[in-house]
Amino acid sequence: MWKREKKPIVGVFGFSGCAGDQLAILHMEDSTIDFFTSADIKFFHMAQSHQEVPKMDIALVEGSINTQRQLRELKEIREMADIVVALGTCACYGGIQYLGEDEETFKERMKYVYGKSGEVPEFLDLVGKPKPAQPISDFIDVDIMIPGCPISAENFVPIYTKLISGLLPQKYPMPVCVECKYEGNDCFLLHGKYCLGPVTSAGCNAICPSMDISCVGCFGTYEGANYPSMISKLKEIGLTEEEAIRKLKLFGGNKVEQALKGD
Amino acid sequence: MPKNVFPDFIELIKTKGKLFGPVKQKSKYSFEEISDVQDLDFDYQRTVLGVKKFLTPPRYKTLSFDKEGTKDIIDEPETNIVIGVHPCDIHAIKILDRLFLGNIIDPYYASKRENLTIIGHSCLPDDKCLCQSTGTDMVEDGFDLFLTELEEYYLVWVGSDKGLALTIAAGDLLSEDISDESIREYVRWQQKRSSMFKAVMPSFKYMADIITLNYDSEIWEQFGEKCLSCGTCSLVCPTCNCFNVDDKILMNAEEGFRERMLDSCTLPYYSMVAGDHDFRPDRTTRLKLYYTHKLKEYIGRWGQPGCVGCGRCVTYCPVDINVITVSEALFGEVCDTKEVCE
Amino acid sequence: MIDGKKSKIENTYKSHPVEILGIKDLTSDTRYFKVRFMDEEMKKQFVYKPGQFVIFSIPGLGEATFSISSPPTRRDFIEFGIRRVGSFTEAYFKLKEGDTFEMRGPYGNGFDMESLQGRDLIIIAGGLGAVPLRSALLYAEDRREDFNQVFFLNGARSPEDMLFREDFKAMAARGILDTRLSVDEDPTGEWPYEVGFVTALIPKLAEKINPENTTALICGPPIMYKFVIQELLKINVPKDQILMTLERRMKCGQGHCGHCAIGGRYTCLDGPIFTYYDVQHIKELI
C-alpha cells in the first residue's frame, strides 16, 4: 500500500451556509474518530473553539462568500494551505443562496429585511457587510471540489483520504443517472416527472431517486451537462422554460449561470 | 413440467442456491431474490438491468489492501440461480462470456459466471423488442435450463450439465413424455410470437455498411446535440461491459480496496489520457463510438452486432437516442442522399 | 456448485513487486526509473518485445500504463521514463531508490523485431516518444547484425528537452546506428547536431534506403505523426511498413475495460503499434 510521507495538517472552515458539511463529517459514525486521528486536525470551526488560522497541508472550506470579512479570511486560508478543497455545493457553486446573486434583487431583499436603508445595523454587524453570495472559486484557486448538500461520506472519504495520503484524486465526472442506474431505478423523465439527474454531479448514490423522489440537483452541476437538451426535455414534460431554468439554478449556482449565458 | 408442480420446482431450486427472478416493482421489473414463488412475475418484457448485474455488478471490490499487503477478492462462495431470463439476455451473456472468457480470462467475471445458473423463460414481445431483427429472438445454448410456457405445461430445455443435474434432482416433477399436442401447441405459440414483433428493422443486417457510409453524416451531430451524456444507455445495455477502476482508501488511511465500476463511453472523460489530452471531447464523437462499436465493429470482430434487441435503450434513454432511432436515421440518410435503397 | 465442479481460476490481474534500482532526471519533468522484479521466478518469466507496455500498481494510488524503455536483449533490469503529467505520475516522483511497487504485463503487440530481420530501419522519435522507441533502438544496437541499415532520428524542442540526451550522444559516438539528433531550437548555440524539425531529416535518407525493404518505427506527440508520415510516403516507404505506437486510456490491459477501443480494435491487444495502413482504414486512430 502507498506509504505517506507524513500525517498532514488539516483545517476545516465554514462560511455562509448551513454548516451541514461540517456536520456530515462529524456524523460519519465509524469514520468520525478516524477523521480526527488520521490527520492532524488543527482547526475545525464546528468542533473546536476558534483559533488562529494555522499553516496547513489541506484546508476544507465550506460555504459561500457573503461579506468582505469572509473574503479576507478565505484569502488567508489560501495563503496558509497547500491544497484548498471546496466542501459542499455552496463552496463549489454558490449554493441556494446564489439565487440572490443579482445585485438589484439583492438590494430589494436587504430592504425587505432591514428596512428602508437596506443596511445591516451596526449592532448586528458580526460578519461584515453582506453582499450577494459567490462560490469560493470566484476569489481563490480551488484545487479540489467535493460537492453535496450536504456531502456524502461515500463520496467525501475516498477523495479526502487520497489527499491526506499525499495523493491527488482522479477526476471522473459522472451524473446522478449513472448511480441511479447502478441502483437499477426507473427514470422519472420517462413518466412525465421532472428530475435533474442528467445535469447533476454524482456522489450521492442516487439516494433520492432510489426513494422515489426526483433529483433536485443538490450535488451541483455535472461537468458533462447538456443544459439546452435538458431544458427541452423539461419543457416536453410540461414545465415552462422559466420553471425549468429556476429548477436548474436552485443548486447549480454560477456554473448553470455561465452555461446558460455561454451556450 | 405440468404448471401445477411449478411451485414445487421452485422450492427444489431454492435448495440448490440463492434464487433470483423477475419481480414487479412499481413501474419496473428487476431480478430480485425470491423467497416466495408468488413474487415471481414472468409477464414482463425487460428488467432495468440485465443479468449483467450478477456478472459485472455496477460496483464491486476486486482487491483489499492494508499496510501488510494485498488480498484478491475473487471467490464468491454463493451459488446464484436466476430464473426468468429471456432469449435476448441469454444472448447478451454469451457476448459477455466471449469477451471476458476469451483468450484472456477475467478472474472476477469467471468466478461469478461459474457460480451462476441460468434458467431461461419464454416471452412475448412489445413494440420495443427488436430481437427478431438482431437475430437473438431464439436461443439454443448459453442457458442451463430454458422454460417455454404453454397453456398447461412448461416445455423444459436442458442446455448444460448443470441443467441436467437440476432435472435429475427434480425427478418426477418433470416428464420426458411430450405429447404431439404439446409439440403442436409449441409450434403454434412460436408462430404467434413471431408475428407479434412490431419493431422490425430489415436494415439492421446492413448496419455495419450503413455506419461506414455515414461516418461523416450530420446525423451524429444531431444526436450529439440531444444526448445528455448521462450514461443510461450503456448502463442498461446488457452487453455494455466497460468499467473503470479506482482505489479507495478508508478514513484511517491505513487500509482500502480497489473497486471496479461500470462505466459509459458517453461520459466526458472516458477517453482522457494523462496530461489531459482527450481523444473524444464532445458528445457527438462519444455517441458515434457507442454506436459504431455496438452495431459495426462487433459485426467485424464477432460476426454479429453487440445489440441483442432487448429494447432497454429504447425504453430508458430520456431523449430517445437508441438503436432504433439511430439505425433508422442512418438508414434514412443513406436512402435519401445516396439513392441506394430502392 | 450444482454440478459439484469448481475450476481454479488464474488471476490475470496479479501484480508482482519490483524494486527501484535507480532514479535520475531526464529533463525537468521526466524521470528515469530502473527496476527489477523481486521474485526470482518473475525475473526469468518476464519476456517482452520493444513497444510493449506494463501496468504499474500501488494499492491506494491505483494502476496506470507505462511503456518499457529498455530492450529485451538486456535482462538484468527494466527501464522506464516517466513524465510528470497527472495525479498518478506525481506520486511516482515521490518514490526513491530502494522503494518498491508492483507491476503486471507485458501487454500490447509490440514491435516484432524478428520479422524485421534484414530490413532497413528508420526509427523516428519525438519528445516522449523516445521512451518506448529506446527499447527498439537498443535492441537494434545489440543485434546490429540482424538488420541492414538502421537510422535513428530523434527530435526534441531544445537540447534541455531531449530525453536520454547523454545516452543518445554516446550512441551517436558509438556509430553502430546512424544516429541523427535534432532540436527544434537551440538557444545555447552549442548543440553539435542538427537544428530544425525532425521531419527535415527524412528526405536526406531518400538516397540511402531501399524503400521496399524499409520499415519505419515512429513514436511522438500526435501532431508529429502527420508530418512524419507525409515525408516517409515521399521517400516511398510502404504504408504497411510505417509502424507507429499510440496512446489511449486503459484500465485493464487485456481487452476487457473498453476504454482503449478505437473502432473495433483495442489498443491494449491490437496495439499500441498500428501501421499507417491501419490508420487509413480505422477512423479516429490518429
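A residue counts as buried if 20 or more other C-beta atoms lie within 10 Å of its own, and as exposed if 12 or fewer do. The views below are of a predicted model.

**View 1. S229(B), a buried residue with positive phi.** S229(B) has 27 C-beta neighbours inside 10 Å, so this residue counts as buried. Its place in chain B is the loop that runs between α9 (219-226) and α10 (232-236). The phi angle of S229(B) is positive, about 50°, although the residue is not a glycine. Most residues other than glycine have a negative phi.

**View 2. D212(A), an exposed residue with positive phi.** Here phi is near 70°, again a positive value in a residue other than glycine. D212(A) sits in the loop between α8 (207-210) and α9 (227-236) of chain A. D212(A) counts as exposed because 12 C-beta neighbours lie inside 10 Å.

**View 3. The cis peptide bond between C149(A) and P150(A).** Most peptide bonds are trans. The bond joining C149(A) to P150(A) is cis, with omega about -5°. P150(A) belongs to the loop between β7 (144-146) and α6 (153-164) of chain A.

**View 4. The cis peptide bond between G105(C) and P106(C).** In chain C, G105(C) and P106(C) are joined by a cis peptide bond whose omega is about 0°. P106(C) is part of a strand, β6 (residues 100-107) of chain C.

**View 5. The contact between domain 1 and domain 2 of chain A.** The domain assignment places residues 9-164 of chain A in domain 1 and residues 176-262 in domain 2. Taken over C-alpha atoms, the domain centres are 25 Å apart. Contacts link 16 residues of domain 1 to 15 residues of domain 2. On the domain 1 side, α4 (88-93) and α6 of chain A each supply at least two of the touching residues. The largest share of that side, three residues, comes from α4(A). By class, the domain 1 side has eight nonpolar, six polar and two charged residues.

**View 6. The side of chain C that touches chain B.** In this interface, 32 residues of chain C are in contact with 45 residues of chain B. Two elements of chain C, β4 (62-67) and α2 (87-92), each supply at least two residues of the side that touches chain B. The chain C side divides into 14 polar, 10 nonpolar and eight charged residues.

Terms used
Residues numbered from 1 in each chain as written. Chains lettered and ligands numbered in written order. Predicted model: local features only at pLDDT ≥ 70, side-chain atom pairs only at ≥ 80, totals over all residues. Contact = placed C-beta atoms within 7 Å. Helix = DSSP H or I, 4+ residues; strand = E, 2+ residues; numbered from the N terminus. Nonpolar A, V, L, I, M, F, W, Y, C, P; charged D, E, K, R; others polar. Domains from an automatic or database assignment.
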